[in-house]
Amino acid sequence: FGAFIREQLVREGVETAGIVDDLAAAGIKAFGPSQAAARLESSKGFTKDLCRDNNIPTAAYERFSDAAAAKAYIAANGAPIVIKADGLAAGKGVVVAMTVEDANAAVDMIFEGGFGAAGAQVVIEEFMRGEEASFFALCDGEHALALATAQDHKRAFDGDKGPNTGGMGAYSPAPVMTDEMCRRTMDEIIFPTLRAMRARGAPFKGVLFAGLMITDDGPKLIEYNVRFGDPECQVLMLRLQSDALDLLEATARGTLAEVTPEFSDEVALTVVYAAKGYPVNPEKGSEIKGVDGLDGDKLKVFHAGTARRDGRLVANGGRVLNITALGATVAEARERAYDAIDRIDWPE
C-alpha cells in the first residue's frame, strides 16, 4: 500500500515540492529524491539536457518557449514527431503527432494552456522506432540496484487504439529486456545519470523508472519517472519475493550495496478495470460487487479508484481496479486475471 500512497503523493506534486527535503531537515529518513533530484521527472527539458551533456542515449530534441519557433522546428524536421509539455501533466503531457498539422495543433494546445503550467515550455523530439520497455532501479545516491522490467500499454482500447491513458495494463518481465539489454541500460543510462546528478550536487535517491525505447542501436531513454509507476508497480510487487521494506530502507540509508532483491521467475500481468468513459469522462458512483475473496497466492486485486459508501464498494476514479495475476506464461497469467474479472459484478 505504501507504493500506492506514494504514487498519489507524486501525482499531487508533493514529492517534487520537496517533501523529502523537509523530512530530512527534521531528521526523518525518507525513501525518495530531493526536490532538486526529482527534476528528472518534473522537467523533461532538464533530463534531456542532462542526457545531452553526459552522452546518455536519447532522442534528438530541442526546447521551446514560443509557438512560432516550435513550429519552425517542426517544419524543418517533418513528421512523425513527438511534442511534450515540459512539466508534470499527470502522465498525459505527450502527443505523438503523425502529421505536421497534428504537431502544430499540439504546440498550440500546450501553449494555450492545455496542460496548465506544465506547458510553459515545450520539448520536441524525434520519433523513435523500436519496442518500449520499463526498467526500474533503486538508487541511494552512490549505488544503483537493478530491480525488474515491465511493459505497459497506454491506449484505452484493444488493438492499441484510442487515446493515451495512465496505463491500461502491464506485464513483467519484458521479453525485449534481455540480460544484455539490462546490462547496457545500467551502464549507458542509469549509472551515467547517477554520476551526473552527484556532479550537480543533487545525488539521486529513490527509484528510477526509466521509460526506454529499444532501438536497433540499443536502449534509448524516453523519460524518467522518480516513482514506481502504475500499473507497473503492481506487477513488480507481485513478482518480488524479497521484503520490499528492507529494500526501501537500504535505499534511504545508503546501504544498497548490502542487499539483493529476489524476484519470482513467473510472469505477472495486470489488467486495469476502468470506469465507463475513461479517460475522457469516467463515470463514478456505480457499485462493485464480487471483489472480496478473489485474492490468493496467484492473484491480487489492487484498489486504485474505489471508495466505501454506506458499506458499499463504489467506483471513485477512472482506473478503478488492477487485477494482477501470476502465471508460468503471459497467456496463463492473462487467463487467470480475466477469470477473476468475470467474477466481478460491476455494471459497464
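A residue counts as buried under 20% relative accessible area, as exposed over 50%, and as partly exposed in between. These terms are applied below to a predicted model.

Along the principal axes, the C-alpha atoms fill a box of roughly 55 × 50 × 45 Å. The secondary structure comprises 10 helices and 14 strands. Of the 348 residues, 51% are classed as buried. Among contacts between residues at least 6 apart in sequence, 66% connect residues that are at least 24 apart. The accessible surface amounts to about 16100 Å², and carbon and sulfur atoms account for 48% of this area. The chain carries 37 positive and 52 negative charges, whose mean positions lie 2 Å apart.

Burial was also examined for an individual helix. In α8, 7 of the 8 residues are buried, so this helix is largely enclosed by the rest of the structure. The buried residues of α8 are E232, C233, Q234, V235, L236, L238 and R239.

A search of the whole structure identified 20 salt bridges. One of these pairs K84 with E125, with 3.1 Å between the closest N and O atoms. This pair links distant parts of the chain, as K84 belongs to strand β2 (residues 81-85) and E125 to strand β4 (residues 122-126), 41 residues apart. K84 has a relative accessible area of 3% and is therefore buried. For E125 the corresponding value is 4%, so this residue is buried as well.

A salt bridge is also formed between the side chains of R319 and D230, with an N to O distance of 3.7 Å. Here too, distant parts of the chain are linked: R319 lies in strand β14 (residues 319-327), whereas D230 lies in the loop between β9 (218-225) and α8 (232-239), 89 residues away. Both R319 and D230 are buried.

Elsewhere, salt bridges with shared partners join D49, R52, D53, R63 and R200 into one network.

Several features of the backbone were also noted. The peptide bond from S172 to P173 is cis, with omega near 0 degrees, and P173 is located in the loop between β7 (161-172) and α7 (179-199). A cis peptide bond also joins Y278 to P279, where omega is about 10 degrees. P279 is placed in the loop between β10 (267-274) and β11 (299-303).

Positive phi values were found at residues other than glycine. N55 has a phi of about 55 degrees and is situated in the loop between α4 (44-53) and β1 (61-64). Its relative accessibility is 70%, so N55 counts as exposed. D160 likewise has a positive phi of about 55 degrees and occurs in the loop between β6 (144-157) and β7. With a relative accessible area of 55%, D160 is exposed.

How values were computed: Residues are numbered from 1 along each chain as its sequence is written. This is a predicted model: local features need pLDDT of at least 70, side-chain atom pairs count only at pLDDT 80 or more; totals for chains, interfaces and linings use all residues. Side-chain values use heavy atoms; hydrogens and water are left out. A salt bridge is a side-chain nitrogen of Lys or Arg within 4 Å of a carboxyl oxygen of Asp or Glu. Helices (H or I, at least four residues) and strands (E, at least two) are DSSP runs, numbered from the N terminus. Buried means under 20% relative accessible area, exposed over 50%, partly exposed in between (1.4 Å probe, protein chains only). Contact means heavy atoms within 4.5 Å. Accessible areas come from the Shrake-Rupley method with a 1.4 Å probe; for residues, only the protein chains shown count as cover. Lys and Arg count as positive and Asp and Glu as negative; His and the chain ends are not counted. The place of a charge is taken as NZ of Lys, CZ of Arg, CG of Asp or CD of Glu.
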